[in-house]
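Opening the notebook on this one.

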Amino acid sequence: ALRTVAQRNNMERLLAPLRLSRTDLQRVQALMRQEMERGLDRERNAESSLRMLPTYVCHTPDGTERGKFLALDLGGTNFRVLVVHVAEDNIDITNEIYVIPTAVMQGTGEALFNHIMECIMDFQMKQELMDQVLPLGFTFSFPCQQLGLDKAVLLNWTKGFSASGCVGQDVVQMLREAAQRKQHTALKVVAVVNDTVGTMMACGYHDPKCEIGLIVGTGTNTCYMEERAKVGTMDGDEGRMCINMEWGAFGDNGCLDDFFTSFDRLVDEKSINAGKQKFEKLISGMYLGEIVRQILLALVEEQVLFCGKSSHKLQNRDIFQTKFLSTIETPGLALVQVQGILSNLELDASYEDSVLVREVCQTVSLRAAHLCAAGMAAVVEKMRESRGLEQLTVTVGVDGTLYKMHPHFSRNLQQMLQELAPLCNVTFLQSEDGSGKGAALVAAVACRGA
Ligand code: ADP
């Protein structure tokens with residue numbers, strides 16, 4: 001059936017708040033900048049929704065790093081133990097994935113770290129590394145107050161972890177104590193690394209201009225190299241310090257509320273961490289599908305889609321996966337394939353319905369890419385000004401499935417970034433196994449400096 005003008009207008013009215021103008025994005029950029037400044041200021045840090053955590057990583061790789069390292073990767077999709085061989089012309093990685101049972105994730109901290117140690121020992125046996133003491137880098141992708149390269153106090157768990165007795169504790173200390181319990185005397189933990197830092201370091205090995213790390217996967221976060229003199233939360237003003245922004249939490253103090261639509265509020269309210277990680281909830285893979293689902297429900301309600309008929313399936317949270325956006329937005333995709341996805345959700349979609357669903361997906365993913373660009377524009381402009389440069393040339397190391405797999409996200413991000421930060425020349429470089437390689441490189445740089 002042909003859509004009436006009224007229906008089309010309804011659709012436009014519902015989507016209008018998701019279409020951010022250049023002025024909107026400039027406001028987001030200015031807010032991000034303001035929150036960065038506050039986060040770096042000793043007196044005002046608590047007011048900021050950005051934690052701006054010092055990482056104690058002061059140098060990116062210079063390409064001369066060599067050696068064999070152990071690495072742990074906890075906090076991504078899988079828990080892994082790795083051995084990383086950094087040689088002159090390549091970085092060789094052998095890794096093993098270990099399961100952390102839910103009962104262990106949510107049990108006691110002691111049991112969790114015992115389990116981690118058992119995995120390390122199993123790996124060392126299999127790789128015949130028992131008699132070597134290799135420096136170990138620990139990619140631990142949870143917010144930590146870092147007190148040194150090898151001292152990181154867990155601020156709060158995320159991503160389904162809740163092991164007791166860990167918040168407020170140094171994760172390296174907990175690992176060392178578990179090693180003692182297991183009578184494993186040859187563990188040499190030299191660094192705790194956030195996954196954004198790992199990503200920056202992994203790309204930095206190949207490109208010395210890489211001084212920013214970006215993740216757009218399940219969640220989103222960024223780190224960058226700041227001038228030490230601008231880090232008011234720390235003493236010392238020589239050189240640089242990598243700052244883990246924890247930018248997923250941008251807006252948790254309400255500063256982004258104007259940009260939250262009714263759909264975003266529904267997604268937030270129904271999440272396990274309502275009111276938290278608000279920037280992340282507009283951008284990352286964990287949420288985009290769910291935002292689309294909320295819009296589709298509203299469009300059915302308004303009789304714009306599927307002749308006003310919803311399905312039982314569409315009532316389920318997270319049933320509309322973020323990877324569907326990637327498929328639906330694939331250039332040249334036959335609309336019958338969109339109909340296929342919708343029919344799996346028991347929705348009877350006409351050709352026109354499919355066109356509109358694609359438009360919804362495009363609107364949601366474009367907004368995510370543009371918000372990410374506004375945030376990144378604040379970061380590169382801050383770096384440029386901190387360094388007193390007229391122009392900045394910098395590379396961003398990126399990881400995360402949404403960034404890598406979505407057909408338009410990276411282009412939309414880069415185009416808008418160029419418009420918002422015209423004095424910065426920014427290149428994006430995808431990282432391969434940043435959390436593994438990066439942890440080893442942080443360890444390598446630390447050992448080089450020592
Ligand atoms: P993590 O950030 O935990 O390391 P990933 O980078 O693999 O994990 O990202 C996982 C997220 O990517 C999930 O939220 C998922 O919805 C999303 N995702 C998976 N496949 C695709 C895809 N083809 N296009 C866009 N997003 C995807």
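**Entry 1**

I started at β1, which is joined to strand β11 (residues 240-244) by 2 bridges, the two running antiparallel. Strands here are DSSP E runs of at least two residues and helices are H or I runs of at least four, all numbered from the N terminus. Two strands pair if DSSP finds at least two bridges between them. Leu53 has Asn244 in β11 as its bridge partner.

Before going on, a note on the source. This is a predicted model, where local features need pLDDT of at least 70 and side-chain atom pairs count only at pLDDT 80 or more, while totals for chains, interfaces and linings use all residues. Residues are numbered from 1 along each chain as its sequence is written.

I then looked up the whole sheet: it is open, has 6 strands in the order β1-β11-β10-β9-β12-β13, and its pairing is mixed. β1 (53-54) and β13 (424-430) are the edge strands, each pairing on one side only.

**Entry 2: strand β9**

How many residues of strand β9 are buried? I get 7 of the 7 in residues 210-216, so β9 is largely enclosed by the rest of the structure. Buried means 20 or more other C-beta atoms within 10 Å of the residue's own, exposed means 12 or fewer, and partly exposed is in between, with C-beta atoms placed from the backbone.

On one pairing, β9 runs parallel to strand β12 (residues 392-399), with 5 bridges. Gly213 has Gly397 of β12 as its bridge partner. On another, β9 runs antiparallel to strand β10 (residues 220-227), again with 5 bridges. There I found Ile212 opposite Tyr224 in β10. β9 and β10 make a hairpin, with 3 residues between them.

I also checked what lies on this sheet. Helix α12 (residues 351-386) lies across β9, β10, β12 and β13, and runs at about 10 degrees to β10. Contact means C-beta atoms, placed from the backbone, within 7 Å. For the angles, axes are lines fitted to C-alpha atoms, for helices over the stretch in contact, and the values run from 0 to 180 degrees between N-to-C directions.

**Entry 3: the five-stranded sheet**

Next I took the other open sheet, 5 strands in the order β4-β3-β2-β5-β8 with mixed pairing. β4 (91-98) and β8 (188-193) are at its edges with a single partner strand each, so one side of each has no neighbour in the sheet. Neighbouring strands are turned by 20 degrees against each other on average, direction ignored.

Strand β3 (residues 79-86) is mostly covered, with 6 of its 8 residues buried. It pairs antiparallel with strand β2 (residues 67-74) over 7 bridges, and Ala71 has Leu82 of β3 as its bridge partner. In the β2-β3 hairpin, with 4 residues between the strands, Gly75 takes a positive phi near 115 degrees. β3 also pairs antiparallel with β4, over 8 bridges. Leu82 has Asn95 as its bridge partner in β4. β3 and β4 form a hairpin too, with 4 residues between them.

At the β8 end, strand β5 (residues 135-140) runs parallel to β8, joined by 5 bridges. Thr139 stands opposite Val193 in β8. Helix α5 (residues 171-181) packs on the sheet and touches β5 and β8, its direction making about 150 degrees with that of β8.

**Entry 4: domains**

I looked up the division of the chain: domain 1 is 5-54 + 213-430 and domain 2 is 67-193. The bounds come from an automatic or database domain assignment. The C-alpha centres of the two domains lie 30 Å apart.

**Entry 5: around the ligand**

Which residues come nearest to the ligand? Of the 15 around it, Gly217, Gly285, Lys323, Ser326 and Met405 do. A residue is near if its C-beta atom, placed from the backbone, lies within 6 Å. α10 (322-328) and α13 (401-405) are the elements that give two or more residues to this shell.

**Entry 6: two positive phi values**

Most residues other than glycine have a negative phi. Tyr56 is not a glycine, yet its phi is positive, about 65 degrees. Tyr56 is in the loop between β1 and β2, and it counts as buried with 21 C-beta neighbours inside 10 Å. Glu246 likewise has a positive phi, near 50 degrees. Glu246 is in the loop between β11 and α7 (262-269), and it is buried, with 26 other C-beta atoms within 10 Å.

Notes. Contact = placed C-beta atoms within 7 Å.
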